[in-house]
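Dear colleague,

Please find the structure below, handed over for your records. My notes on it come after.

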Amino acid sequence: MRILWELRDGPFTFAALRARCADMSPSVLNQRLAELRERNLVMLRDEGGYLLTPTGESLLAALAPLTSWAETWSKRSTRRAS
């Protein structure tokens, strides 16, 4: 999910994507990207860089309510901790 989330603002090269993913190890990132490509969620552009496919974009859209919930929960948690 982290890779999909980061690619919402893509496309990104492997190095840029790795930096956005908190320096995930290259081998793990490479494996995850291969899995996401196999499932048609991410593609590698001819000119370089990874980006979401239309299927990947629709998955993020389907998860938008969860993102909204998480943002609300995070704000409430932060206020309680203060």
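Predicted model: local features only at pLDDT ≥ 70, side-chain atom pairs only at ≥ 80, totals over all residues.

Residues are numbered from 1 along each chain as its sequence is written, and side-chain values use heavy atoms, with hydrogens and water left out.

The protein chain has five helices and two strands, taken as DSSP runs (helices H or I, at least four residues; strands E, at least two) and numbered from the N terminus. Their order from the N terminus is α-α-α-β-β-α-α. The C-alpha atoms fill a box of roughly 45 × 25 × 20 Å along the principal axes.

Of the 82 residues in the protein chain, 22% are buried; buried means under 20% relative accessible area, exposed over 50%, and partly exposed in between (1.4 Å probe, protein chains only). Among contacts (heavy atoms within 4.5 Å) with a separation of 6 or more, 36% join residues 24 or more positions apart.

Glu6 lies in helix α1 (residues 2-6). Glu6 counts as buried because its relative accessible area is 8%. Leaving aside residues up to four places away in sequence, Glu6 touches Phe12, Leu17, Arg20 and Cys21.

There are seven salt bridges, each defined as a side-chain nitrogen of Lys or Arg within 4 Å of a carboxyl oxygen of Asp or Glu. One of them pairs Arg32 with Glu35 at 3.9 Å, N to O. Both residues belong to helix α3 (residues 26-38) and stand three residues apart, about one turn of the helix. Arg32 is partly exposed at 36% relative accessible area, as is Glu35 at 28%. Another salt bridge links Arg39 and Glu38, with the closest N and O atoms 4.0 Å apart; both residues are exposed.

Glu47 and Arg45 also form a salt bridge, their closest N and O atoms being 3.4 Å apart. Glu47 is exposed, with a relative accessible area of 60%, whereas Arg45 is partly exposed at 26%. Salt bridges that share partners also join Arg2, Glu6, Arg8, Asp9 and Arg20 into one network.

Arg76 is found in helix α5 (residues 64-81) and is partly exposed, at 46% relative accessible area.

Yours sincerely
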